[in-house]
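I opened the model to look up a few things and kept short notes. They follow in the order in which I went.

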Amino acid sequence: MTNELNVRGLARRFGALKALDDLSFDLRAGHVVGFLGPNGAGKTTTMRAIFGLLELDAGTITWNGQPLDAAQRRRFGYMPEERGLYPSMLIGDQLEYLGRLHQMSASDARAEAKRWLERFGLADRATHKVESLSHGNQQRVQLAAALLHDPELLVLDEPLAGLDPSGIDTISEVLVERARSGCGVLFSSHQLDQVENLCESVVIIDHGHLVTAGTVDDLATSGTQRLIVRVEGDRDANWARGLTGVTISEVTGGEARLVLDDDADSDVVLRAAMSAGRVVEFATRRRRLSEVFREATT
Amino acid sequence: MRYVLYAVLVVVALVAARRRRARASSTPVEARRAAYEMPFVRGRVGIVAAREVRERLRGRMFRVGTVLILAVVAAAIVIPNLHHRHAAALRVGVVGELPANLRAQITRDARLSGDATIFTTEPNVARASAQITNGRVDLVIVRDERVVVGNIATSPHAAEIAQIAQVLGVARALASAHLSASQISILEHAGGLTITSLRHAHVKPTDVGTSVIGLILIFMILQQYNTWTLIGVMEEKSSRVIEVLLATLRPIQLLTGKVLGIGIIAFAQATLVVGFAFVLAKSVGSSMLRGAAPVELVSILIWLLLGYAFYSWVYAAAGSMTERQDQIQAVALPLSVPLIVSYIASLTAVESGHASLFIRILAYVPPTAPLAMPALVGLRAVTWWAFALSILVSLLATLGVARFAAGVYHRAILRTGGRVPLREALALRRTRAT
């Protein structure tokens with residue numbers, strides 16, 4: 001059976017602010033799921049709720065149909081938004097300590113700490129204090145702390161923030177690897193291009209409630225039809241102006257990006273282009289995740 | 001004294017060997033086995049406590065602090081003893097004959113005051129007076145005529161000199177009274193009347209120094225370790241490691257582990273200091289172990305433990321309401337007021353030798369009892385059942401305080417963005433967004 005996290009009807013109010021407003025979504029293990037939303041949308045609050053770090057006004061969170069309890073949460077891995085490590089504690093000791101809190105034996109915790117530090121190229125830093133590391137390396141140690149106990153679900157709040165390309169590649173590789181081995185991975189990020197490359201599916205929330213969710217492919221191909229058309233000799237795409245139900249979103253070097261209304265027909269657009277000159281490019285265009293996000297949250 | 005030196009050398013050698021081993025190891029992950037285990041506390045509370053113990057022991061502040069405390073205690077024991085020894089030898093110059101029975105009696109009387117006696121023979125009064133002026137003798141007995149001193153009003157041996165003068169005067173009077181040998185013997189061996197003490201005659205009072213050192217120790221350790229607890233909680237909150245920790249264990253487990261771990265270190269340090277003081281005082285023959293001092297040392301350890309147990313929860317709860325160093329002073333100061341008040345009151349009582357009604361009341365109030373009750377013990381002004389009653393009251397209060405503090409900690413520890421208002425920490429108002 002595939003593990004599954006079910007979030008149902010979460011609500012949490014802070015004074016007049018509705019941080020979570022009837023939020024529901026599902027997450028199946030084996031997938032990397034991007035958890036997206038504008039600042040203040042409720043992502044961090046949701047993640048903290050999964051770990052019981054705040055009380056909910058309403059709603060349930062279940063794992064394979066069972067309400068989450070402390071024992072189950074210890075089988076999850078968590079990386080909070082504001083990194084959480086003891087600054088002056090030695091890195092190796094710190095990982096061992098966190099592993100022990102996740103019910104690992106002392107020997108297993110030591111072995112896994114060593115393994116993950118080697119994996120992240122930090123084996124020689126085990127005897128250093130966390131505060132002596134660069135931001136990127138602290139991030140790697142934080143991720144190692146979340147991975148150490150081979151979690152069933154990984155919840156990572158902005159794991160890619162502030163990383164250089166090499167750091168992003170390392171962490172992305174690990175997340176995909178964990179998902180392939182059957183772990184559920186939920187992570188938030190504002191780096192939508194990275195999310196698009198990394199995730200099979202996304203959950204987008206705004207103002208504390210779900211806006212849209214699905215696979216990246218489905219979201220990219222759903223919605224209004226988009227075309228890229230290039231007509232020889234017409235660098236400003238004047239041929240497309242005045243077409244009913246067609247909006248020119250962008251023209252670059254003769255390449256026109258068109259958005260078609262639901263009742264507009266691509267055949268009509270093709271004929272109009274052919275009548276204006278030789279058509280050198282005519283393609284259906286997928287929505288970028290950033291476009292999906294903007295359309296969903298505006 | 002040499003045994004103390006041997007003990008210190010052994011400890012230094014063990015510490016040096018341990019440091020060499022630690023340096024030789026490649027990584028702490030491989031080198032140290034069973035680092036997060038507590039022998040008597042299992043589960044996550046034990047793991048948290050073990051981390052506290054280990055990190056605190058590793059800290060330079062603890063090691064330097066312990067050495068400093070030991071040095072202060074050693075100085076407090078050894079210096080008065082040296083001074084006492086120096087002042088104690090009663091140096092008696094003798095011009096002419098001094099019968100052996102009178103020498104023996106003077107020696108006996110001086111010993112009762114804790115002093116040794118050194119007799120020197122002086123050729124004449126002029127030379128003897130010069131010896132007094134040079135400070136080589138404390139007094140000179142001139143045949144059976146008179147006793148010469150520098151200044152009886154300022155002499156540290158004034159009482160003993162007066163006693164000697166009395167003994168010599170009586171001896172001369174007896175000699176001139178034409179009594180028989182047996183009559184003289186009866187008079188010479190006549191004892192004083194029996195003295196009946198209204199308080200427990202079998203217990204001598206404790207040396208004031210023992211009580212003072214004990215009170216200072218309790219005050220210092222409670223202040224130091226409670227502040228550690230406060231700062232430790234604040235640092236977990238400010239570094240956000242608290243979120244990672246509370247994803248794996250309940251707040252009460254984390255809080256209990258921290259209080260327990262720091263408490264173990266505090267009690268171990270206090271036991272080390274008290275044990276060191278005991279051995280050192282015994283070695284140098286200090287008067288600080290006189291009378292009921294051992295009972296008082298045990299009382300000091302008991303109240304140190306109870307005091308820490310009471311205050312640690314309060315300081316931990318206060319720490320959960322702060323997340324910056326500059327906020328610590330504002331919350332720590334009000335909490336330390338009962339400690340400071342009871343410290344001053346206890347020291348005053350011990351110095352005066354009188355257990356006032358005020359100090360007797362403080363001895364049964366949980367926040368002030370950790371200092372006031374040991375003061376009463378030092379003054380021998382408390383019965384065993386009153387001592388036990390105060391312990392019971394303190395334990396019950398600690399249970400209540402721990403429960404209350406755990407609630408405050410639970411509500412405040414995940415609240416970020418400034419100091420948590422007291423009303424919200426006490427759950428008088430719904431928490432706002434974090």
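I call a residue buried under 20% relative accessible area, exposed over 50%, and partly exposed in between (1.4 Å probe, protein chains only). By that cut-off, 54% of the 298 residues in chain A are buried.

Ground rules next. This is a predicted model, in which local features need pLDDT of at least 70, side-chain atom pairs count only at pLDDT 80 or more, and totals for chains, interfaces and linings use all residues. Residues are numbered from 1 along each chain as its sequence is written, chains are lettered from A and ligands numbered from 1 in the order in which they are written, and side-chain values use heavy atoms, with hydrogens and water left out.

**Chain A, overall**

I took helices (H or I, at least four residues) and strands (E, at least two) as DSSP runs, numbered from the N terminus. Chain A has 10 helices and 14 strands. Its accessible surface is about 12700 Å², and carbon and sulfur atoms hold 45% of that. Those areas come from the Shrake-Rupley method with a 1.4 Å probe; for residues, only the protein chains shown count as cover. I then checked contacts, meaning heavy atoms within 4.5 Å. Of the chain A contacts with a separation of 6 or more, 68% join residues 24 or more positions apart.

**Four-stranded sheet, chain A**

I count two strands as paired if DSSP finds at least two bridges between them. One open sheet of chain A runs β2-β1-β4-β5, with antiparallel pairing. Inside it, β1 (residues 4-14) and β4 (residues 58-63) of chain A share five bridges. One bridge I looked up sets A:Ala11 against A:Ala58 in β4(A). Helix α1 (residues 43-50) of chain A packs on this sheet, touching β1, β2 and β4 of chain A, at about 65° to β2(A). For angles, axes are lines fitted to C-alpha atoms, for helices over the stretch in contact, and values run from 0 to 180 degrees between N-to-C directions.

**Six-stranded sheet, chain A**

The order here is β6-β7-β8-β3-β9-β10 of chain A, open, with mixed pairing. Its edge strands are β6 (76-79) and β10 (209-215) of chain A. On average, neighbouring strands of this sheet are turned by 15° against each other, direction ignored. Strands β3 (residues 32-36) and β8 (residues 184-188) of chain A run parallel, joined by four bridges. A:Val32 sits opposite A:Val185 in β8(A). Which helices did I find lying across strands of this sheet? Helix α10 (residues 289-297) of chain A lies across β3, β9 (201-206) and β10 of chain A, at about 30° to β9(A).

**Positive phi**

A:Glu158 has phi near 55°, positive although the residue is not glycine. A:Glu158 lies in the loop between β7 (153-157) and α6 (165-180) of chain A. A:Glu158 counts as buried because its relative accessibility is 10%.

**Chain B, one helix position**

B:Ala266 belongs to helix α11 (residues 251-284) of chain B. Is B:Ala266 buried or exposed? B:Ala266 is buried, at 4% relative accessible area. Beyond neighbours within four places in sequence, B:Ala266 contacts B:Ile221, B:Tyr225 and B:Leu304.
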